[in-house]
Amino acid sequence: MTYMELCFILVILINAIVSLVYLIWNIVHVDKRKCAEEGKDNRTGYIIKFIIMILCPVTGPMFFFTSYAIYRTVFRQGADLADVIFSKDRVKVHKRADTEREGNLAPIEEALAVSDKDSLRTLVLNVVRGDVKNSLASIALALNSEDTETSHYAASVLRDELNDFRQKSQELYNAIKQDGEQSVEYASILVEYMNNVLAQDVFHDMEQHTYVKMMEEAAGFLYMKDKEKLTPEYMEWVCLRLLGIKEYKDMELWCDRSRELYPGELSTYTCQLKLYFTIEDRNRFFDVLNRLRQSDIVIDKETLELIRIFS
């Protein structure tokens, strides 16, 4: 037997021993409980790898060893999020996404784009069968439809809902003006009720401005009578509605009130950031941003995007 043949046999034996040790080690130490939870048996994978290592001496074991080394040294390293977020604590989402409302918007736009009358009529009917008050913006899209039946139906539904909103808002507003025992409760109800509709921006500019100021007045009543009822969410709503009608001075007043009552809330900072972003006040924007960075408040994705765009 030549020297080369002896070396070849020796390599085959060593490869077989390494492969067999690999197989026995993993089968003996396999976590059966983990396999049961995952619904699969990892031992089958070890057997397949054993066969590959036997059929491909040296290269098989080297391939699996290299893959494992890369996995352990590269892909198992923790991601450094220091440049992405100010805190690594998990953010708790208090407001659930309104998927039904957002899901109705795009299909109606698509149906209008392709002038599919049957699909558009079906979509409008499906939207109306749901919670109409949360779908006014979607229904308003159908007003410009070339299909007269669809546009008339959408206009009728929208008119009825907006008239109902005008009536109820005025009734609650008058009840607040009486300054009775229930006035604080009426003010809370009015802020929530009006924001739900005003946030969809379905009124003309002048009427939108009128109702936003009415909503602000109701919130101001809460500020004067019972600040505990004036939640951070209420104050954020007022700020955003004022921002929508470009009442920047009034919004700044509410930003100051939010900072006074809720200095540790994210919405206090985001309202200021949105205000200074809109009026392009770079110095005050970064002043607020620096204070936010120095706080323990966890910021959300929307705020990160706002910071990125402004920066």
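The protein has 15 helices and zero strands; helices (H or I, at least four residues) and strands (E, at least two) are DSSP runs, numbered from the N terminus. This is a predicted model, in which local features need pLDDT of at least 70 and side-chain atom pairs count only at pLDDT 80 or more, while totals for chains, interfaces and linings use all residues. Residues are numbered from 1 along each chain as its sequence is written, and side-chain values use heavy atoms, with hydrogens and water left out.

Confidence next. pLDDT is the predictor's confidence in each residue, from 0 to 100. Its mean over the protein is 77, and 71% of the residues reach 70 or more. Over residues 76–97 pLDDT stays under 50, and the model has 16 contacts for them beyond four places in sequence. Contact here means heavy atoms within 4.5 Å.

Now burial. Of the 311 residues, 34% count as buried, meaning under 20% relative accessible area, with exposed over 50% and partly exposed in between (1.4 Å probe, protein chains only). In helix α1 (residues 3–29) sits Ile-24, which is partly exposed because its relative accessible area is 46%. From Ile-24 to Phe-50 is 26 residues in sequence and 9.8 Å in space, C-alpha to C-alpha.

Helix α9 covers residues 183–198. Its buried residues include Val-184, Leu-190, Tyr-193 and Met-194.

On to helix packing. Axes are lines fitted to C-alpha atoms, for helices over the stretch in contact, and angles run from 0 to 180 degrees between N-to-C directions. The axes of α10 (residues 205–225) and α11 (residues 232–244) come within 10 Å and cross at roughly 150°. That makes the two roughly antiparallel, the word for angles over 145 degrees; under 35 is roughly parallel, 65 to 115 roughly perpendicular, and the rest oblique. On the α10 side the contact includes Val-212, Met-215 and Leu-222, and on the α11 side Trp-237 and Leu-242.

Which helix packs with α12 at an angle of about 155°? Helix α13 (residues 266–278) does, with its axis 9 Å from that of α12 (residues 248–261). α12 and α13 are therefore roughly antiparallel. Among the residues that meet there are Tyr-248, Met-251 and Cys-255 in α12, and Cys-271, Leu-275 and Tyr-276 in α13.

Conventions
The expected span of a helix is 1.5 Å times one less than its number of residues.
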